[in-house]
Amino acid sequence: SLESNRTTGYRWVLDQEPDGKVVRYVGTEYRPADSRLAGAGGLEIWTFEAVNKGSAVICLHYLRPWEKGIPAVRKAEFPVLVK
């Protein structure tokens, strides 16, 4: 789960697909905060499935997908080890 605010146009996107021999992307869900405040953020919940032993890295970037050439304002990296 990663903090996100879709009202700003920003969202988390995969920088690149992780090693599909180790982990598989299942889906993403956005849950707005339980708030009555306009523009309140929420959470993006990313789900992956382990498919085989090994290691991989999941890299996510927080950006506005339509803004080409603009660097991500935040990055998150998750090493994965499947035993």
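**Note on the predicted model: core, salt bridges and loop**

1. The largest nonpolar core has eight residues: L2, Y10, W12, W46, I58, L60, Y62 and A76. Strand 5 gives the most to this core, with three residues. A nonpolar core here is a set of buried Ala, Val, Leu, Ile, Met, Phe, Trp, Tyr and Cys residues joined through side-chain atoms within 4.5 Å. Buried means under 20% relative accessible area, exposed over 50%, and partly exposed in between (1.4 Å probe, protein chains only). In soluble globular proteins, nonpolar side chains tend to be buried together.

2. This is a predicted model, in which local features need pLDDT of at least 70 and side-chain atom pairs count only at pLDDT 80 or more, while totals for chains, interfaces and linings use all residues. Residues are numbered from 1 along each chain as its sequence is written, and side-chain values use heavy atoms, with hydrogens and water left out.

3. Leaving aside residues up to four places away in sequence, A76 touches L2, W12, I58, C59 and L60; contact means heavy atoms within 4.5 Å. H61 lies in strand 5 (residues 54-63), strands being DSSP runs of E, at least two residues, numbered from the N terminus. H61 counts as buried because its relative accessibility is 15%. With the same exclusion of residues up to four places away, its contacts are R11, W12, V13, D15, A72, R74 and K75.

4. The count of salt bridges comes to four, a salt bridge being a side-chain nitrogen of Lys or Arg within 4 Å of a carboxyl oxygen of Asp or Glu. One of them joins E44 and R6, with the closest N and O atoms 3.6 Å apart. E44 is in strand 4 (residues 42-50) and R6 in the loop between strand 1 (2-4) and strand 2 (11-16), so the pair ties together parts 38 residues apart in sequence. E44 is buried, at 0% relative accessibility, whereas R6 is partly exposed at 29%.

5. R24 and E49 form another salt bridge, the closest N and O atoms being 2.5 Å apart. This pair links distant parts of the chain, with R24 in strand 3 (residues 23-32) and E49 in strand 4, 25 residues apart. R24 is partly exposed at 40% relative accessibility, and E49 is partly exposed at 35%.

6. The loop between strand 5 and strand 6 (74-82) holds P71, and G69 is placed in the loop between these strands too. P71 counts as exposed because its relative accessibility is 61%; G69 is exposed at 79%. The C-alpha atoms of G69 and V23 are 28 Å apart, and those of P71 and D34 are separated by 30 Å.

Methods: Helix = DSSP H or I, 4+ residues; strand = E, 2+ residues; numbered from the N terminus.
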